[in-house]
Amino acid sequence: LYTHLNADPLAKVLLTGHIGVGKSTELLHLAQEMTKERLVIPASVSKTLGTHNLDTFSLLLIILEASLQAWIEHFKELPAGLVEELVNQVQKLMPAGGAEDVFASNIPKISTGPQLLDLYSKALRRLAWRDVPPSQIATMDLSAMVESCEIVLKELANQSSRPVLLILDNLDKLRNNLAQRDIFVERAMAWLRLPCGIVATLPLKLLFSSQGRELDEIWGEIHILEP
């Protein structure tokens, strides 16, 4: 993993293996190894949202929230122009359908990074409380969420003068077959093209399913952690 990521600052890497084999421990060690070379952003899907309602939209929201948390932790306040641009992206979601009940219908006036972070955190809590129909997932427009993630990640890399490495743990615990296909196959490009390195865990069964060949074509080499 270390060699793979060092060869390409924008590498997107999947790690799989049986539950309990030590993937989370491996990712923690990797984060510690690379902290001097990268701005490392850890994000645990289980701690933030849980895997029961996970789809590509909510995954992008998790990435966005974790990125803002990293900014505030490392650099304190966000520039006013960046906050304004991100609020404009949220506004784009409202009339498009699908996100009106995720974000509050009346978004309060936001002028600081912590206020923006609170908006995303509340949206994740709303997602955790409800069931999202597969038909709604399939039609949801991701462009505003993707643009928001791209904006924050690019600015983070510029601000830190280091490439960003995003570590997404517990995606391997996702059991819904439709959600697995949505995230790793159908709309994988939504996060494959983000301007950062990514290491994410993958359900082992998906690798050996009928989607296995598609996964290889989309992601390239997939790392398997053996017992």
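Rings of Phe, Tyr and Trp (for Trp, its six-membered ring) are paired if their centres lie within 6.5 Å; planes under 30 degrees apart count as stacked, over 60 as edge-to-face and the rest as tilted. By this rule the count comes to 3 aromatic pairs. The rings of tryptophan 71 and phenylalanine 75 have centres 5.8 Å apart and planes at 70 degrees, so this pair is edge-to-face.

Before going on, a word on the model: it is predicted, with local features needing pLDDT of at least 70 and side-chain atom pairs counting only at pLDDT 80 or more, while totals for chains, interfaces and linings use all residues. Residues are numbered from 1 along each chain as its sequence is written, and side-chain values use heavy atoms, leaving out hydrogens and water.

Back to that pair. Tryptophan 71 and phenylalanine 75 both lie in helix H4 (residues 56-75), 4 residues apart, about one turn of the helix. Helices here are DSSP runs (H or I, at least four residues), as are strands (E, at least two), numbered from the N terminus. Burial goes by relative accessible area: buried is under 20%, exposed over 50%, and partly exposed in between (1.4 Å probe, protein chains only). Tryptophan 71 is buried at 2%, whereas phenylalanine 75 is partly exposed at 23%.

Another pair joins phenylalanine 184 and tryptophan 191: their ring centres are 6.0 Å apart and their planes at 65 degrees, so it is edge-to-face. Phenylalanine 184 is buried, with a relative accessible area of 0%, and tryptophan 191 is buried at 0%. Ring pairs link Phe184, Trp191 and Trp219 into a cluster.

Now turn to helix H5 (residues 80-93). Its buried residues are Leu82, Val83, Leu86, Val87, Gln89, Val90 and Leu93. Seen down the axis of H5, they fall within an arc of 155 degrees, so they line one face of the helix; the arc is taken from the directions from the helix axis to the C-beta atoms. The face turned away from this buried side carries the exposed residues Ala80 and Glu84. The buried residues of H5 pack against H4, helix H6 (113-128) and helix H8 (143-160), where contact means heavy atoms within 4.5 Å.

A pocket is an open set of points on a 1 Å grid over the protein atoms alone, where a 1.4 Å probe fits, with protein on both sides within 12 Å along at least five of seven lines; lining residues have an atom within 4 Å of a point. Ile41, Pro42, Ala43, Ser44 and Ile167 lie nearest the centre of the largest pocket, among its 24 lining residues.
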